[in-house]
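This report describes the fold, the charged pairs and a few selected side chains of one protein. Please keep the sequence and the model in view while reading.

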Amino acid sequence: MATKSLTFELFGHDRTASSAIRGVGDAGAAWERRMAGAAFGVGAALGAATVAAVAFSIDSIKAFAEAETAQNRLNFAFDKFPSLVGGNIGALRDLNTELQKTTRFDDDAIAGAEGILAQFDLTADQLTTLVPLMLDYAAATGKDVTEAADDMGKAILGQGRALKGVGIKFEDAGDPVSNYTQLIAGLTEKVQGFAATDAQTISGTLDRINNQFGDVQEKLGQAFAPALTVAADIIQTTLIPGLDDVISRV
């Protein structure tokens with residue numbers, strides 16, 4: 001009787017133990033699957049983060065390149081146009097920085113527009129007077145600064161038809177200086193101060209925030225640019241010739 005009882009208990013405990021061991025094994029396998037899934041998720045997240053970081057770096061380099069191009073246009077104007085000789089390019093850039101704070105327009109875009117206006121033989125002082133009014137005009141008409149600069153230049157040459165959009169009755173005075181004077185008077189009367197008011201709207205506020213973020217991107221892009229130069233050199237001197245050789249062999 002004792003033997004039978006002992007045998008029964010042993011077999012019963014064995015079944016219980018075996019079941020428990022299998023349970024532990026199943027739980028371990030499940031845990032392993034969960035960890036593997038988590039690891040995959042982390043890997044995917046890291047991969048996505050890496051892709052996002054690379055994309056942001058490229059965008060930052062593009063932002064810096066665009067800003068550099070716009071500023072170079074202004075540099076070129078000061079180097080090439082006699083009317084700007086003796087002008088203070090630094091003061092003009094300081095003005096652009098302040099205008100970015102109070103309008104929806106980016107300072108680099110403003111600099112590029114100034115490079116366009118300089119083609120019409122304007123002095124640095126004339127640019128300083130015209131540019132804030134040009135931004136008022138751009139905000140009032142919904143145009144970007146390049147389009148606005150084109151309209152200003154045409155008016156200086158005597159073609160002021162676009163100014164009718166803001167109620168300015170412009171007539172060619174026969175010479176650029178008189179046309180400039182007429183342009184300043186018309187803009188002052190009809191649109192002065194509009195850009196600052198427009199910048200306080202929700203849309204204007206978003207643009208101002210975006211411009212500030214753009215400045216950060218430009219600084220990062222400037223830091224990334226040397227690495228891009230090295231990469232471009234490797235691609236041009238090694239990778240492309242190598243690919244060309246492989247294609248020729250095929």
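## Overall fold

The protein contains 8 helices and 0 strands, where helices (H or I, at least four residues) and strands (E, at least two) are DSSP runs numbered from the N terminus. Read from the N terminus, the order of elements is α-α-α-α-α-α-α-α. This is a predicted model, in which local features need pLDDT of at least 70 and side-chain atom pairs count only at pLDDT 80 or more, while totals for chains, interfaces and linings use all residues. Residues are numbered from 1 along each chain as its sequence is written, and side-chain values use heavy atoms, with hydrogens and water left out.

Of the 250 residues, 30% count as buried; buried means under 20% relative accessible area, exposed means over 50%, and partly exposed lies in between (1.4 Å probe, protein chains only). The accessible surface comes to about 15500 Å², and 62% of this surface belongs to carbon and sulfur atoms; such areas come from the Shrake-Rupley method with a 1.4 Å probe, and for residues only the protein chains shown count as cover. Among contacts (heavy atoms within 4.5 Å) with a separation of 6 or more, 65% are between residues 24 or more positions apart.

## Salt bridges

Side chains of opposite charge can pair when their charged atoms come close. A salt bridge is counted when a side-chain nitrogen of Lys or Arg lies within 4 Å of a carboxyl oxygen of Asp or Glu, and by this rule the model has 5 salt bridges. One of them joins Lys101 and Glu98, with an N to O distance of 3.3 Å; both residues belong to helix H2 (residues 89-102) and sit 3 residues apart, about one turn of the helix. Lys101 is exposed, at 52% relative accessible area, whereas Glu98, at 42%, is partly exposed.

Arg104 forms a salt bridge with Asp198 (2.6 Å, N to O), and this pair links distant parts of the chain, with Arg104 in the loop between H2 and helix H3 (107-117) and Asp198 in helix H7 (residues 194-198), 94 residues apart. Both Arg104 and Asp198 are buried. Asp207 counts as partly exposed because its relative accessibility is 28%. Shared partners join Arg104, Asp198 and Asp207 into one network of salt bridges.

## A buried aspartate without a salt bridge

Asp136, in helix H4 (residues 124-141), is buried yet has no salt bridge, and the nearest side chain of opposite charge, that of Arg104, is 11 Å away; for this comparison Lys and Arg count as positive and Asp and Glu as negative, while His and the chain ends are not counted. The Asp136 side chain does reach the backbone nitrogen of Gly193 at 3.1 Å. Leaving aside residues up to four places away in sequence, Asp136 touches Val191, Gln192, Gly193, Phe194, Ala195 and Ala196.

Ile116 lies in helix H3 and counts as buried because its relative accessible area is 11%. The C-alpha atoms of Ile116 and Ala149 are separated by 6.7 Å, although these residues are 33 residues apart along the chain. Ala149 is also among the residues that Ile116 touches, together with Arg73, Thr146 and Asp150, not counting residues up to four places away in sequence.

Ile202, by contrast, is found in helix H8 and counts as exposed, at 68% relative accessibility.

Notes
A polar contact is a pair of N or O atoms within 3.5 Å; within protein, one must be able to donate a hydrogen and the other to accept it, and residues adjacent in sequence count only if both atoms are side-chain atoms.
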